[in-house]
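Please keep the sequence and the structure at hand while reading.

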Amino acid sequence: MNRLKAWIRSFFGFSRSETNALLILLPLMVLLIFSEPAYRYWFTNQEVSFFKDSLRLDSLVAKWQWEKADSISESVDRPLFRFNPNTTSRDSLLQLGFSPSLARRIVNYRTKGGIFKIKSDLLKMYGVDTILYRKLYSFIDLPLVVEKKTREFPKDSFPKRPAFTITKLDLNVADTTQLITVYGIGSKFSKRIVEYRERLGGFVSMDQLNEVYRLDTTAVGRIKKKFFVSLGFVPRQIQLNTVTEKELAAHPYISYKLAAAVVAYRFQHGNFTSIEDLVNLKLLTEKDFQRIKPYITINP
């Protein structure tokens, strides 16, 4: 023991009192750690007896007073017959197996104006259980569901509605109030459509609506159902031989570069003799020229 104490003091640097305290605590810690598993092992291997609990439960069951179901009278085999709970007498109900209290309850219910419309209404009576209901189900003289009565009217009793036709409006004369009536077109889009129409000089095709900023194809389709563009409509045209560069560049289809080229061509070569002369500028594709063509002219 003295050698163990000397080793602890030299290894841990403990004093004499600290070494003695450690030697006392170590056995206590080992005992504390292994006591709980040993305790659990001991009690789990013991046989459990339920003898006392069984005696107590038997005594409680013996004190209970078993009551008969309210809906079924004393069980005897009785001949069953078809019956209507709205008209069957109390004595007949007793013969079918209803208890006296339940038969009286059904008669009182009818006396107060109650009516059984379908078979399952019998289950709404207090005291009728599912066993009795299933036993008498096929003998209850009531329908399964309430039949709905439909009134039949002669074919000519209602006047025919006149055919409803949608009158389309001209897109080039429509205002924002009329455009708002289209589902999905609010005040912003209606204003944006009118402003773009004024910048163009008028729509020559309904497909030009796709050029309106953020107007999707669904909204364009709805507008096409309510509006149209006249086939002979002539938009506001630009006079190529007198227009300024700034006025020309204000059109959505003409860029500033093209407007400057038009004015420079006119300065170098004189007035345009035909709108097809624009092709000579080499800045226009055939597709762009066809877009601009309805909006330009050389006639005064």
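A salt bridge, as the term is used here, is a side-chain nitrogen of Lys or Arg within 4 Å of a carboxyl oxygen of Asp or Glu. The model is a predicted one, in which local features need pLDDT of at least 70 and side-chain atom pairs count only at pLDDT 80 or more, while totals for chains, interfaces and linings use all residues. Residues are numbered from 1 along each chain as its sequence is written, and side-chain values use heavy atoms, with hydrogens and water left out.

## Salt bridges

A search of the whole structure finds five salt bridges, and the table lists some of them.

| Pair | N to O distance |
|---|---|
| R82 and D141 | 3.1 Å |
| E198 and R197 | 3.8 Å |
| E211 and R291 | 3.9 Å |

The salt bridge between R82 and D141 links distant parts of the chain, with R82 in the loop between α3 (51-63) and α4 (90-96) and D141 in the loop between α6 (130-136) and β1, 59 residues apart. Helices (H or I, at least four residues) and strands (E, at least two) are DSSP runs, numbered from the N terminus.

In the pair formed by E198 and R197, E198 is partly exposed at 45% relative accessibility, while R197 is buried at 8%. The salt bridge between E211 and R291 brings together a loop and a helix: E211 lies in the loop between α8 (187-200) and α9 (217-226) and R291 in helix α12 (residues 286-292), so the pair ties together parts that are 80 residues apart in sequence. Both partners are partly exposed, E211 with a relative accessible area of 31% and R291 with one of 36%.

The side chain of R110 does, however, reach the backbone oxygen of T88 at 2.7 Å.

## Positive phi angles

Most residues other than glycine have a negative phi. R214, which is not a glycine, has a positive phi of about 65°; R214 lies in the loop between α8 and α9 and is exposed at 65% relative accessibility. K282, also a residue other than glycine, has a positive phi near 65°. K282 lies in the loop between α11 (256-269) and α12, and it is exposed, with a relative accessible area of 73%.

## Contacts across the sequence

Q239, found in strand β3 (residues 238-239), is buried at 16% relative accessibility. Q239 and I296 are 57 residues apart in sequence, yet their C-alpha atoms are 6.2 Å apart in space. I185, in the loop between α7 (176-180) and α8, is buried at 3% relative accessibility. The C-alpha atoms of I185 and I223 are separated by 8.7 Å, and these two residues are 38 residues apart along the chain.

## Enclosed space

A cavity is a set of points, on a 1 Å grid over the protein atoms alone, where a 1.4 Å probe fits but cannot get out, and its lining residues have an atom within 4 Å of a point. The structure holds one cavity of 30 Å³ or more, and about 30 Å³ of space lies in the largest cavity, a volume being the space filled by probe spheres set on the points, which are joined across faces, edges and corners. The largest cavity is lined by L240, L248, I254, L258, V262, L278 and I292. By class, this lining has seven nonpolar, no polar and no charged residues, where Ala, Val, Leu, Ile, Met, Phe, Trp, Tyr, Cys and Pro count as nonpolar, Asp, Glu, Lys and Arg as charged, and the others, Gly among them, as polar.

Conventions:
On a 1 Å grid over the protein atoms alone, a cavity is a set of points where a 1.4 Å probe fits but cannot get out, and a pocket is an open set with protein on both sides within 12 Å along at least five of seven lines; lining residues have an atom within 4 Å of a point. Buried means under 20% relative accessible area, exposed over 50%, partly exposed in between (1.4 Å probe, protein chains only). A polar contact is a pair of N or O atoms within 3.5 Å; within protein, one must be able to donate a hydrogen and the other to accept it, and residues adjacent in sequence count only if both atoms are side-chain atoms.
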